[in-house]
Amino acid sequence: PVLRMCGMYSVGMAYAGTGNNKAIRRLLHVAVSDVNDDVRRAAVISIGFLLFNAPEQCPNVVSLLSESYNSHVRYGAALALGISCAGSGMKEALNILEPMINDLLTTYDRGPCSHPPWSWSSRTTKCVPN
């Protein structure tokens with residue numbers, strides 16, 4: 001599992017910021033089909049690295065993953081949103097993260113709680129109106 005997990009992070013770093021469709025499809029396939037939870041989480045997190053230059057696409061890509069029965073996949077979705085939407089102030093990302101904050105599972109309870117501030121960091125009221 002460690003080798004596959006490192007492979008997912010390698011794909012994420014090799015195509016970081018490119019939004020490469022083939023890499024996204026590969027990561028999504030692993031995110032829903034691998035037997036190891038850590039590999040699935042690494043695949044979803046890597047999607048955030050691929051889409052950090054196009055943060056408006058990330059909420060659409062990870063929205064269904066954020067509703068997964070698997071808490072590791074949901075945690076990865078929260079991190080992917082935090083990575084790709086950092087400083088963007090995107091309400092779509094916050095709308096996806098909000099239900100996860102109240103989730104009672106302890107496997108990722110600190111992750112989603114720390115990511116909404118990433119999305120709003122360095123934003124002024126001039127940039128993000130009420």
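# Close-up views of a predicted model

**View A. Asn70 touches Asp37 and Arg40, leaving aside residues up to four places away in sequence.** Contact here means heavy atoms within 4.5 Å. Asn70 sits in the loop that runs between helix 4 (58-62) and helix 5 (71-84). Helices are DSSP runs of H or I of at least four residues, strands are E runs of at least two, and both are numbered from the N terminus. Asn70 counts as buried because its relative accessibility is 7%. Buried means under 20% relative accessible area, exposed means over 50%, and partly exposed lies in between (1.4 Å probe, protein chains only). A polar atom of the Asn70 side chain lies 2.8 Å from the backbone nitrogen of His72. A polar contact is a pair of N or O atoms within 3.5 Å; within protein, one must be able to donate a hydrogen and the other to accept it, and residues adjacent in sequence count only if both atoms are side-chain atoms.

*Basis of the views.* This is a predicted model: local features need pLDDT of at least 70, side-chain atom pairs count only at pLDDT 80 or more, and totals for chains, interfaces and linings use all residues. Residues are numbered from 1 along each chain as its sequence is written, and side-chain values use heavy atoms, with hydrogens and water left out.

**View B. The protein has seven helices and zero strands.** Read from the N terminus, its elements run α-α-α-α-α-α-α. Of its 130 residues, 45% count as buried. Take the contacts with a separation of 6 or more: 69% of them join residues 24 or more positions apart.

**View C. The largest nonpolar core holds 27 residues.** Such a core is a set of buried Ala, Val, Leu, Ile, Met, Phe, Trp, Tyr and Cys residues joined through side-chain atoms within 4.5 Å. Met8, Cys58, Val62, Leu65 and Leu81 touch the most other members. Helix 2 (21-33), helix 3 (37-50), helix 4, helix 5 and helix 6 (91-101) each give two or more residues to this core. Helix 3 supplies the largest share, six residues. Cys58 touches Leu51, Ala80, Leu81, Ser84 and Cys85, not counting residues up to four places away in sequence. In soluble globular proteins, nonpolar side chains tend to be buried together.

**View D. Helix 3 is mostly covered, with 11 of its 14 residues buried.** Among the buried residues are Val39, Arg40, Arg41, Val44, Ile47 and Leu50. The buried residues of helix 3 pack against helix 1 (2-14), helix 2, helix 4 and helix 5. From first C-alpha to last, helix 3 reaches 20 Å, close to the 20 Å expected at 1.5 Å a residue. The expected span is 1.5 Å times one less than the number of residues. Asn36 caps the N-terminal end: its side-chain oxygen lies 2.8 Å from the backbone nitrogen of Asp38.

**View E. Helix 2 buries Ala23, Ile24, Leu27, Val30 and Ala31.** Seen down the axis of helix 2, these buried residues fall within an arc of 130 degrees, so they line one face. The arc is that of the directions from the helix axis to the C-beta atoms. An α-helix has 3.6 residues a turn, so residues three or four places apart point the same way. The face of helix 2 turned away from its buried side carries exposed Asn21, Lys22, Arg25, Arg26 and Val32. The buried residues pack against helix 1, helix 3, helix 4 and helix 5. At the start of helix 2, a side-chain oxygen of Asn20 comes within 2.9 Å of the backbone nitrogen of Lys22.

**View F. Helix 6 buries Ala93, Leu94, Ile96, Leu97 and Met100.** Viewed down the axis of helix 6, the buried residues fall within an arc of 160 degrees, so they line one face of the helix. Asn95, Glu98 and Pro99 are exposed on the other side.

**View G. Ala54 lies in the loop between helix 3 and helix 4.** At 16% relative accessibility, Ala54 counts as buried. Ala54 and Gly19 are 35 residues apart along the chain, and their C-alpha atoms are separated by 7.3 Å.

**View H. Leu3 belongs to helix 1.** Leu3 is exposed, with a relative accessible area of 75%. Leu3 and Val39 are 36 residues apart in sequence, and 9.0 Å separates them C-alpha to C-alpha.
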